[in-house]
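Hi,

Here is the structure I promised to pass on.

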Amino acid sequence: MSFGEIFIILIPIFFVILLGFIAGNRGIFNKETSKGINTLVTKIALPAHLFVGITTTSRDTIFDKASFLGALLIGVIGFFIVVLLITRWTTKYDFVQSTMFSLNSTQPTFAFMGIPVMGSIFGADVVAIPIALMGIIVNAVLDPLATILGTVGERSRNTDSNEKQESLLKVTIKSILHGLSEPLACVPIIGLILVLVFNFQLPELGVNALDQIGDVTSGVALFAVGVTIGINKIKLSLSAFSIAILKAIVQPLAMVGIAYALGVAHDDFVQAVLLVSFPGSAVASMIAIRFKSLESEVASAFVISAILSIVTLPFLITALL
């Protein structure tokens, strides 16, 4: 597929993002009202779409995704850990700052751009399983891990070791349970259990019912990305550019090597690389804000990585296909 053909596919996608950007930049939506759009996508529309995709897929097809899942785990969790260690050893950032830097360099906005971008290439139904697996990894593993590590960093000066261990245990349990309770994690897990254990297939009536809300995912998700970009102000800094470059360029290249080494099938190879090539995640930015760490840097990095993706995505898709 040529660069021109890829760019034509992406033009409608970036057009909707632009509409969202204008709405956010002109004040039609603000940080409070934009939360409603994000909630609609992440807690209702996309989980419904993913559930349909999983429960209309055969058990054998899901089992065939084992190497793909391994590539995602290494390319997301492994990349996060490597960046965290390098950042901690080579910069003046403390452990909390290093954790937030690494999280925002790793977590993509797969929930908002996965269906429209990958669906336009492979078909929305085909990419439901890859996006669902990514949702489990990010929401049930990466975000809880970053939250736990951030808490460890915050409490590193606590001299009462017994209190620290007890508090950390509570934080760990709470973080994992919170991650598993997120619809982007629990709904795919429930769907996978139903298919793998019970060989369940969603009847046509259920598909039609869930599609009523699931089909709005693409357009609303892209608009939400644009709104988020529009309401954030860019603060140019070395940290912001570093996070954006790691997210938009370095991580996708790392995933190319990982997927190749694991012998992932071609379509799964392309999907794994694309899933980590999307701009940084607003959710990761919110976690940084929660820890009061690098707030302006990660918010700016989100915008910069989104702008970078306008250039990197067409080149990347052309090269992979």
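Leu294 is buried, at a relative accessible area of 8%. Keep in mind that this is a predicted model. Leu294 sits in the loop between helix 14 and helix 15, and its phi is positive, about 55°, although it is not a glycine. Lys292 is in the loop between helix 14 and helix 15 too, and has a positive phi of about 50° without being a glycine. In general, most residues other than glycine have a negative phi. On accessibility the two part ways: Lys292 counts as exposed because its relative accessibility is 70%, whereas Leu294, at 8%, is buried.

Next, the pocket. The largest one holds about 1200 Å³ of space. Its lining is made up of 45 residues, and Ala282, Val283, Ser285, Met286 and Ile287 are the ones nearest its centre. Which helices each supply at least two residues of that lining? They are helix 2, helix 6 (110-122), helix 7, helix 8 (161-181), helix 9 (183-198), helix 11, helix 14 (282-290) and helix 15 (295-320).

On to the nonpolar packing. As a general point, nonpolar side chains in soluble globular proteins tend to be buried together. In this model the largest nonpolar core has 89 residues, and Leu72, Leu274 and Leu275 have the most contacts inside it. Helix 7 (residues 128-154) provides the largest share of this core, with 13 residues. Apart from that core there is another, of five residues, including Phe51, Val52, Val187 and Leu202. If you want to click through the surroundings of Leu72, leave out residues up to four places away in sequence; it then touches Ile77, Pro130, Leu133, Met134, Ile137, Met255, Ala272 and Leu275.

Helix 7 also contains Ile129, which is buried at a relative accessible area of 4%. Ile129 and Val52 are 77 residues apart along the chain, and 9.8 Å separates their C-alpha atoms. Not counting residues up to four places away in sequence, Ile129 touches Gly53, Ile54, Thr57, Ile62 and Lys65. Lys65 turns up again in another setting: it lies over the face of Phe68, 5.4 Å from the ring centre.

How many aromatic pairs are there? The count comes to two. In one of them, Phe29 and Phe223 have ring centres 5.6 Å apart and planes at 75°, so this pair is edge-to-face. The cut-off at work is that planes over 60 degrees apart count as edge-to-face. Phe29 is in the loop between helix 1 (3-25) and helix 2 (31-55), while Phe223 is in helix 11 (residues 217-231), so the pair ties together parts that lie 194 residues apart in sequence. Phe29 counts as partly exposed because its relative accessibility is 23%, and Phe223 counts as partly exposed at 22%. The pair of Tyr93 and Phe101 has ring centres 6.0 Å apart and planes at 50°, so it is tilted. Buried or exposed, for Tyr93 and Phe101? Both are buried.

Two more residues are worth a click. Ser105 is part of helix 5 (residues 95-106) and counts as buried, since its relative accessibility is 0%. Leaving aside neighbours within four places in sequence, Ser105 is in contact with Phe79, Val83, Ile243, Leu246, Lys247 and Gln251.

Arg59 is in helix 3 (residues 59-63) and is partly exposed, with a relative accessible area of 27%. Setting aside neighbours within four places in sequence, the contacts of Arg59 are Val195, Leu196, Val197, Phe198 and Asn199. Arg59 and Ala248 are 189 residues apart along the chain, and their C-alpha atoms are separated by 33 Å.

That's everything from my side.

Cheers

Methods:
Residues numbered from 1 in each chain as written. Predicted model: local features only at pLDDT ≥ 70, side-chain atom pairs only at ≥ 80, totals over all residues. Heavy atoms only, no water. Phe/Tyr/Trp six-rings, centres within 6.5 Å; stacked < 30°, edge-to-face > 60°. Helix = DSSP H or I, 4+ residues; strand = E, 2+ residues; numbered from the N terminus. Buried < 20%, exposed > 50% of the residue type's maximum accessible area, 1.4 Å probe, protein only. Lys NZ or Arg CZ within 6 Å of the ring centre and 35° of its normal. Core = buried A, V, L, I, M, F, W, Y, C linked by side-chain atoms within 4.5 Å. Contact = heavy atoms within 4.5 Å. 1 Å grid on protein atoms, 1.4 Å probe; cavity = no way out; pocket = protein on both sides within 12 Å on 5 of 7 lines; lining within 4 Å. Points joined across faces, edges and corners; volume = space filled by probe spheres on them.
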